[in-house]
Amino acid sequence: EKTGKVLREFCRCYEEQYGVALFNSVRYEIEGNGGPQAQLLHRKVPLEDHVIYSGNIFQYIEENKKWRNRFCVVPHNYGLVLYENKLAYERELPPRVLVNSAGYKVLTSVEQYLELVNNSLPGVTPKSGHSPILKCPTDFPLILWHPYARHYYFCVMTGKEQEKWRAVFQDCVRHCNNGISEDSKVEAPAFTDAVRMYRQSKEQYGTWDMLCGNQTQVLSNLVMEELLPELRSTIGPRLKGKAPERQRTWIQISDAVYRMVYEQTNAQYEAAMARCEQERPQLESTIRTDMDQIITSKEHLASKIRAFVLPKAEVCVRNHVQPYISSILEALMTPTSQGFAEVRELFFKEVTDMNMNVVNEGGLEKLVEYMEKLSHLAFHPVKMQSCYEKMDQLKLEGLQQRFDVSSTSVFKQRAQIHMRQQMDDAVYTFETLLHQELGKLQGKDDLCKSIQRILERVLKKFDYDSSTVRKKFFREALLQITIPFLLKKLAPTCKGELAKFQELIFEDFASFILVENTYEEVVLQSVMKDIMQAVKEAAVQRKHNLYRDSMVMHNSDPNLHLLGEGIPIDWGEEYSGQPEADKRRRAKQVVSVIQDDEGALPYEVGAEALLQPSSPEPRDLGVPPSSPDGVKEIREALAQESPADGVGAEERLMNAPASPKPRAYVPAEAKVPHVTPASPIPGAESPSLATGTSCHQPSDQETGEDVTPPGGECSPPQPTVTTESGEGVQTEF
């Protein structure tokens, strides 16, 4: 009932905004106004058929209260895919768990997690001395927490490994949060504007942390934001048992409700989209035919609203916004520019190191090896972490409360996504220019000079594009902070009077011109001048290496963008000198971008048991089912195993006949290439991450793991996943 009520109101907003977004898209297509041209090339398919990361990690299974060793794979779509073990992955068996991490927070301490859990169910706090909801057998936990969906508990053995996995998980969250594709010029703006209008109708202004994930996830969050407090007040007092048990039950209830809401939301939103798509040809035909009349009508409406609103808006801007713009801008500029400077430094260092190594170690063959690594630098979570963490310094202090900014995470993640994109653009431009030069080079000296010359050219282009991207980001962030504040301030005196302007819109154009949108544009214009001026002054003063707007970098490489349209460069394929049959086999392989370099960890003994030819069944860690957490037993089991056993398992795996030939992207610190076959990845993607998968897709009812009876052996994973209650395959979230 609640989902239907929210979705009916939202879909009405969406259908209204769809016509406006379609008009804006067609108008932009006709009139242009694209801003400065980027100097760097943009890669079309950044990480096709590659794995971001793969490795072993402990996962806590709530259903049987055990910690189990899992093999985790992060494919190019940034979903977390957990397999029973490495062998199950290589045999292309279905995964245990699929996680889309949009909306999650990555926690690295149990204390942080317990604080969030205690706040989620007020009045239910475990007494001192009682067992908390979660214990961790090591000092290095990794917890994925979500305000509505189920939580995921992991742990590792060392601090270094914890930092590595934390960087990987945060990369997954960052990517999945950015789930609404900007390539859609109509659906995406219509959706985000509809969400904003819906929330403003409920008197909710300001940034919203849960505007993350794909459209269905965002709408599910919208429903849960209203539903959860009612659910908590109804069900909370009826929960039985000790405090930890009540908390655990509440998390399960919230997750079950979230799944139901997701399914219902998905169906209703798809129906609304289908209606809009059906009407699109007729709407677009009207827009193209009557474009001039629609623009004239909109300008007439805007002039009337401007006369009514602008005097009040200007007073509000002058008294409540203008004095703080420079402070907000400075708070944004410092960490963002430091992050981009770190991106530039990292790119320079990697290319310079490559150049030295190529000269010292020998020619083209080494160049191919290093270029394969460099081409994925932007997607190396650990190396990029030094750039991303600069944004942790972003603090708006008192400004955050004044302007109703619930969290700075929206701005942090947006800046980090820009950093990754700029790094990949720089790398792609470098490798495109170098690839063009290779045929003309006569030896190592020529190669060294050519690499240095191309690096300098790319850095100039990077500086220009970095300035353009950051200035745009600053302007958008300032608007995102100040506009909701102004709308809230002006609402009591202006919003009630907007209905009288409706009669100024011709009925034929009512689908493309909305009074509410035009009113917001007028409010935006009232503050835009001050924001543009503040950013311009920062550029004139060359603060943080920003370029003036008047500075235009002429295209010194007129054919460069034509090169970027060509077939993607495959360094290993093109310069490996292998027979065609080897090339074909090699092209099918998926290569981890990051490799573990610590050797085998103690908990890899589980993999060793799996690899014994005479014993295909996975070996239990020896935690009795009666044990709530098995912390003591796990520690004892780990203490009994030697690292050498794990190394032996790894060697047997690397030398097994079924293993494909290694083709690995290995960073400088890595020792052992890790090879994984390509075929499981499409099948490992959840429906919210990818479509058209060919491998087994678990349904919502499939739960993934059989609970082994006391004293029984775990059976080897089978292609068909059972439907007994277990750790819960997550297909949608």
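**Helix packing**

Helices α3 and α7 stand roughly perpendicular to each other, a class that covers angles of 65 to 115 degrees, whereas angles under 35 degrees count as roughly parallel, those over 145 as roughly antiparallel and the rest as oblique. The model is a predicted one, in which local features need a pLDDT of at least 70, side-chain atom pairs count only at pLDDT 80 or more, and totals for chains, interfaces and linings use all residues. Residues are numbered from 1 along each chain as its sequence is written, and side-chain values use heavy atoms, with hydrogens and water left out.

- The axes of α3 (residues 110-120) and α7 (residues 243-289) come within 10 Å and cross at roughly 75 degrees; axes are lines fitted to C-alpha atoms, for helices over the stretch in contact, and angles run from 0 to 180 degrees between N-to-C directions.
- Tyr113, Val117, Asn118 and Ser120 in α3 meet Gln247, Trp250 and Ile251 in α7, where contact means heavy atoms within 4.5 Å.
- Helix α8 (residues 291-361) packs against helix α10 (residues 381-388) at an angle of about 140 degrees, with the axes 8 Å apart, and α8 and α10 are therefore oblique to each other.
- On the α8 side the contact is made by Gly339, Glu342, Val343, Leu346 and Glu350, and on the α10 side by Lys383, Met384, Ser386 and Cys387.
- At 0% relative accessibility, Cys387 counts as buried, a term for under 20% relative accessible area, with exposed meaning over 50% and partly exposed lying in between (1.4 Å probe, protein chains only).

**The sheet**

**Strand β2 and its partners**

- The antiparallel strands β1 (residues 51-61) and β2 (residues 66-75) are joined by 10 bridges; Phe58 has Asn69 of β2 as its bridge partner, and Tyr53 stands opposite Val74 in β2.
- The hairpin of β1 and β2 has 4 residues between the strands, and in it Lys65 takes a positive phi near 55 degrees.
- On to β3 (residues 80-83), β2 is joined by 3 bridges, again in antiparallel fashion, and Val73 stands opposite Val81 in β3.
- The hairpin of β2 and β3 also has 4 residues between its strands, with a positive phi of about 70 degrees at Tyr78 in the turn.
- Because 10 of the 10 residues of β2 are buried, this strand is largely enclosed by the rest of the structure.

**Confidence**

- The chain averages a pLDDT of 79, and 72% of the residues score at least 70, pLDDT being the predictor's confidence in each residue, from 0 to 100.
- Confidence is highest in strand β6 (residues 140-145), at a mean of 97, and lowest in strand β8 (residues 589-591), at 33.
- The pLDDT is below 50 over residues 580-629, a stretch with 150 contacts in the model beyond near neighbours in sequence.
- Where pLDDT is low, the predicted coordinates should not be read in detail.

Terms used: Helix = DSSP H or I, 4+ residues; strand = E, 2+ residues; numbered from the N terminus. Pairing = 2+ DSSP bridges.
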